[in-house]
Structures are given as C-alpha cells and as structure tokens.
Amino acid sequence: MKKVLIDCDPGIDDALALALAAGSPDLDIVGVTTVGGNVDLELTTANALALREFLDLGDVPVTPGSAGALLHRTVRAGHVHGDTGLGDVVLPAPVRALSEGHAVDFIVDALRAAPGEITLVAVGPLTNIALAVRREPRVVEWARELVIMGGSYTRGNHNPAAEFNMLADPEAAAIVFEAGWQVRQLGLDVTLSALVTADVLDRMRPLGRLSELLVPAAQFYGVVTAEGGPAIHDACAVAYVLDPSLFTCVPAVVNVETAGTYTRGMTVTDFDLRGRQANALVATSVDVKGFWDLVLEAYGRLGQRLG
C-alpha cells in the first residue's frame, strides 16, 4: 500500500478527491491536514472532519493548519464552492474530534517517522507545505514524493494567468518549488480535461449514500451535459498517485510569479531545460477514459461499503 498524507482545503473537489482516496484499497491515508483556501480554515477543517466520518476513514488524524497566506491578503473561492465550501451538500455533524497540534508539526513528524514512505498530496494552497519546508528542510528528503494540484503552463482560472491554489499563496508556492525536490504538478492543463459528463454523473447516481455527496457536489460547479461539465480538479492528484501511467508528464523548470501586477501566482513553466535540473514533472495530458474508470471503480467500492 502507498502511504499518503493529504493536505487540503475542502472544497468540493477536495471532497471528491478524499472520496477517491477512501475508495482505493492501495492507499493508506496516514493523515489529513487542512489549510485556509477555498473557504476559511474553520470551514475547511469542519468539512474535513465531517468527510472523515461520512467516508468511513476511521481514526485518520485530521489536523488544522494555516489560516491564511504567508504574506498577502486572503483569497477565497466561496463563489465557486458555496458559503460552506461543500456547495449544496449537507453532511452529518462529526463525532470525532480534531487532532491536537498544528498541521505543519504533523507533516514534519509524520515524514520524520517514516522517511521515504509517505507521499504528500497537496490539493490546496501550499502554505502548510512551505512552512514545513522552512521548519525542517529535510522533509524534502523524507517525502517519497510531493504531488500537487495547482498551476498551469497555459492559462489561469481565478484570473487569466493564475490558478487558484497558486494565487492564494504565491510566496508559499515559490518556496515549495524552490525547495530541492521534483514536484509532481497536476495543473489545469490536465484537470480541465477530466470533466463530469452526463454519462459520468449517471454512473455516480446508483452508489447509495455516497451519491448524496458525489452527485450534488459534481453538479454544483456547473451545468453537466453529454459533451462536458465541471472538472473535479483535485481528484487528478490522487489519481496520479494511484496510477501515474494515466498522465503524460514532462520535466520542466517551474517558477512562481510573486510580483507581477497581472501575473501574480502564475506558474512560469520552461520545458527547455538547457542543462538545468528540472524542479517539476508537469502533467501535459491525461487518459480521460482511464481516469474516470479508475475514479468510478473506487467510488463503486466505497459506495458498497457505505451502503
């Protein structure tokens, strides 16, 4: 089994990514850490707690982290995810409590205890990961891999240049990309290909209690048609951990713009290495059918378990 530590800001697509992880027997979720992002930290943490119980994740620790960006003003995406972060989804109130401590300490301690074993999967702003790197630079060596959902080499979504997770804390993202590891980057270039179509939605509907999360979450983002619909971005990062062969990835040097008037948060991507060492493997395409087969098979397993 692959051990993963998921740093997230639930968030509709974070919820669907956690559901994918929960339905995948090949993953051992060692912890979930939260960060302020799509909505405020209080809400992302409450959502993570509720999802832990709804998805039957047992005693997986949920540890809150950074409420806002390292240096600049808060950026939120409530207009995309709804006031609570989960759109129209209402989950039962959780019974289990938060873990004590801070996400940054949890990340450092978990990696120190199992060097080379745990893959970090970061699907929100990179504030917690950057602070972990600053607190203990050896996390770069201890992590098996760092897989992120964020950035793009072609476009933005929160503005024309920047993807939301990068724009929410560009300074943190810059620290992470410059830390000395090779970031596995699943950006908008591939996530915008993994769209919820009417066929995908129909395959979600018969999944019992799980469909009460999947269907309204998928539909809240936008109109679902036979040809296309909303993307569930964050699930791509979990899918990469499960089956990297679904994605074409190209080595690149990625720098995060922190000062541009119109390009702040942009991931400036250079595929022409010119003798330089790549700091990222950037996903450029995805096997869409294979992706949905993987995701829906995992959802099916989880749906059977939840009843």
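**Close-up views of a predicted model**

**View 1. Arginine 264 is a buried residue in a loop.** In this predicted model, the relative accessible area of arginine 264 is 18%, under the 20% cut-off, so the residue counts as buried. You will find arginine 264 in the loop that links β7 (247-256) to β8 (267-270). Its side chain meets that of glutamate 171 in a polar contact of 2.9 Å. Leaving aside residues up to four places away in sequence, arginine 264 also touches several others, including His72, Asn159, Leu167 and Thr258.

**View 2. Nine strands line up in an open sheet.** Follow the order β3-β2-β1-β4-β5-β6-β9-β7-β8 across this sheet of 9 strands, where the pairing is mixed. At the edges sit β3 (62-64) and β8, each pairing on one side only. From one strand to the next, the twist averages 30°. Strands of a sheet pair through backbone hydrogen bonds, in parallel or antiparallel fashion. Here β7 and β9 (residues 280-286) run antiparallel and are joined by 6 bridges; look for phenylalanine 247 opposite valine 286 in β9.

**View 3. Helix α13 packs against several helices and a strand.** This helix (residues 288-306) has 19 residues and spans 27 Å from first C-alpha to last, close to the 27 Å expected. Its buried residues, among them Phe291, Trp292, Tyr299 and Leu302, pack against α1 (12-22), α2 (41-54), α10 (198-204), α11 (211-220), α12 (235-242) and β9.

**View 4. Aspartate 287 and glycine 307 flank α13.** At the start of α13, a side-chain oxygen of aspartate 287 comes within 3.3 Å of the backbone nitrogen of lysine 289. After the helix comes glycine 307, with a positive phi near 85°.

Terms used. Residues numbered from 1 in each chain as written. Predicted model: local features only at pLDDT ≥ 70, side-chain atom pairs only at ≥ 80, totals over all residues. Heavy atoms only, no water. Helix = DSSP H or I, 4+ residues; strand = E, 2+ residues; numbered from the N terminus. Buried < 20%, exposed > 50% of the residue type's maximum accessible area, 1.4 Å probe, protein only. Polar contact = N/O pair within 3.5 Å; in protein donor to acceptor, adjacent residues only side chain to side chain. Contact = heavy atoms within 4.5 Å. Pairing = 2+ DSSP bridges. Axes fitted to C-alpha atoms, helices over the stretch in contact; angles between N-to-C directions. Expected span 1.5 Å × (residues − 1).
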